[in-house]
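Subject: Structure handover and notes on helix packing and contacts

Dear colleague,

Please find below the structure I promised to pass on, together with its sequence. My notes come after it, and I would be glad if you read them with the model open beside you.

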Amino acid sequence: MGWLHSWLGLLAGLVLTCIFATGTLSVFDTEITHWMQPEIPLTAPPTLTAPALTHAATLLQNDEAKGTFPFLLLPSRRDPVLRVLNYNGHAFIGPALAADGHIFPARQTAGGQFFFNFHFTLYSGVFVGSTLVCLLGLLLLVVAGAGIAIHIKALWPNLVVVRPFAAKPRAWLDAHLLTGVLFFPFLIMITYTGTVILARAIFPTHPFVQHHIATSLPQKSRPRVAPSAKPSPIPPLLPLVEQAKTLLHTSDCRFILFSSTEIQIFENDEDTLFANKSTAIFSRADGHFLRVEEKNSASAQARGLMQGLHFARFSSFLLRWLYFASGLACTTMMAAGLVLFFIKRRKHSSRHIAFRLGEGLTMSTITGLTAATLSYFLANRLLPSTLPARTGPETATFFMVWAFFSVHALLYSLLHRPINGWRIQCLAVVILSLSLPCIDLFTITHDWLNNYGLYCSVYALAFLCATIAFIAHQKLKEKI
Amino acid sequence: MPNAKLAHKKQVIVYKRILWLLGATLLAYATAHAALLAGLDPNGQDTKERSSLLEMVSVALLPLLLLVGYGARTYKWGLWCLASILLVLTIFNGWLA
């Protein structure tokens, strides 16, 4: 089991660390989007008004005429503005509207959606990416099971032992075990629910299951044809939303989808653990009610529970922070495991090129990804806010910085100077982390009182990141 | 024992483990998939509902079966166990069809 845990852990861990890190950030995807669009004030309560919906419908029809498939995201407690969104292949982007219908002059950004997309597709498309992520999720369950089998003897006398000042392998092992054992229930829950959500990707289709055939065609290869007939104009939406609330027995609706003949209004699932959205469907031609699609069957409820637990949309602000902390602990556990793998084998295998490459990739996964994430945040502030197709340069910054750090890590590792490589990258993370609050303060004239909690949280996390990187840098200094 | 011989012996052990893992993975996947098929009713109306639930069960089964297949190496009973379950499920699925 030790062999299985170590080697599968190494091979899957390099990517899983990235999946967990971006998943942890996705817990606050909406809040990250808010931080990245400081032009949108978030003080007004979520109000749905007729002028806003009328203007949104006009924008939506303009987008439809261009051959895209936009939809409306209605105001909610967490995101109190009306948005007209389009899927650009990786994220939902589009303008945000105020209650009086005017468009906020906000910068275009992929925001937190970028991390969400990376989390479940590795930014490589729904078909390939999701299948890979699903397989890696299964591998993580196997590795976690093997880890428990190894550790089971030690679990009885001591649940966890922490010796941070012990010799190097011991301290890293303790860090790995501490996070692994304490957050094991969270790890299993989040991995299992995440894998179940994507399970359709790994089991073959069955000819007698109709919905398998319908969903088996890869999303990427599905041709995007513009509707043959011109869709009819959209009837007034506010009365339809009010009617949908009554029909669905809900106080809020979340989004509205449009086809050439129908308008589908989905209930809000933010107040329930089950991420099942029942739908009220109206005719697009004249707005008359067609039907309600409810998802109350046992299997739909079970699936909704899996999705609800994984997406954590139901959760309060405090619970969302707990998800974030748990995700961070699981990412730390994987990163500590990767570092431990190389510490244990350095004495006998450090001359092997595979070892050098592995250590370089580990460095690029841990410090490189951190630096790339910080650069993505910095790019949001440094790129001109009026730049056209701004999401492209923003995400390109992330990948370019990551590629640069990866090349640097591999070079230092291949030149038998990994400690120097780690130190330089830690220092770069410190500089990037500290520059984030400074650049934010100098480039944005946002009203602090509007959303001070959001800005304080980002600054606090940047300082935490800088502190950890600085401590690591100082510790590594002692080794030389 | 000379170093070269020891290294060769170690290499053989690693190759055997990889083969064992591959075998356990294939058998575990086939068994989990057979379990999914066994739960489906080809002529039923609720296949979507059932397949949705059965996928959840299969995803939970897959890592467990793989751990049993790889972990239980004494007398190869892990692989035998998976092979037996797969055989039973295949016969059951054939009988259903």
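The model is a predicted one, in which local features need pLDDT of at least 70 and side-chain atom pairs count only at pLDDT 80 or more, whereas totals for chains, interfaces and linings use all residues. Residues are numbered from 1 along each chain as its sequence is written, and chains are lettered from A and ligands numbered from 1 in the order in which they are written.

Between the chains

The contact between the two chains takes 26 residues from chain A and 23 residues from chain B, where two residues are in contact if their C-beta atoms, placed from the backbone, lie within 7 Å. On the side of chain A that touches chain B, the elements giving two or more residues are α1, α5 (125–155), α7 (184–197), α8 (210–216) and α10 (298–311) of chain A, and the largest share, six residues, comes from α5(A). Helices here are DSSP runs of H or I with at least four residues, and strands are runs of E with at least two, numbered from the N terminus. By class, this side of chain A has 16 nonpolar, eight polar and two charged residues; Ala, Val, Leu, Ile, Met, Phe, Trp, Tyr, Cys and Pro count as nonpolar, Asp, Glu, Lys and Arg as charged, and the others, Gly among them, as polar.

For chain B, an unreviewed UniProt entry lists residues 50–70 and 77–96 under "transmembrane region", an annotation that may be inferred rather than shown by experiment. In the model, residues 50–70 of chain B are 100% helix and 0% strand, with their end C-alpha atoms 30 Å apart.

Between the domains of chain A

The domain assignment, which is an automatic or database one, divides chain A into domain 1 (1–28 + 112–344) and domain 2 (350–480). In chain A, 10 residues of domain 1 are in contact with eight residues of domain 2. The elements that give two or more residues to the domain 1 side are α1 (2–26) and α11 (317–349) of chain A, with the largest share, five residues, coming from α1(A). That side of domain 1 has nine nonpolar, one polar and no charged residues.

Helix pairs in chain A

The axes of α11(A) and helix α12 (residues 353–382) of chain A come within 10 Å and cross at roughly 155°, the axes being lines fitted to C-alpha atoms, for helices over the stretch in contact, and the angles running from 0 to 180 degrees between N-to-C directions. That angle makes α11(A) roughly antiparallel to α12(A), since angles under 35 degrees count as roughly parallel, over 145 as roughly antiparallel, 65 to 115 as roughly perpendicular and the rest as oblique. Residues making this contact include A:Leu338, A:Phe342 and A:Arg345 of α11(A) and A:Phe355, A:Glu359 and A:Ile366 of α12(A), and by class the contact has six nonpolar, four polar and two charged residues.

Helix α13 (residues 391–414) and helix α14 (residues 418–443) of chain A pack at an angle of about 155°, with their axes 7 Å apart, which makes α13(A) roughly antiparallel to α14(A). Among the residues that meet are A:Phe405 and A:Tyr412 in α13(A) and A:Pro418 and A:Gln425 in α14(A), and this contact has four nonpolar, five polar and no charged residues.

Finally, α7(A) and α10(A) pack at an angle of about 125°, with their axes 9 Å apart, and are therefore oblique to each other. Their contact includes A:Met189 and A:Ile197 of α7(A) and A:Met306 and A:His310 of α10(A), with six nonpolar, four polar and no charged residues.

With best wishes
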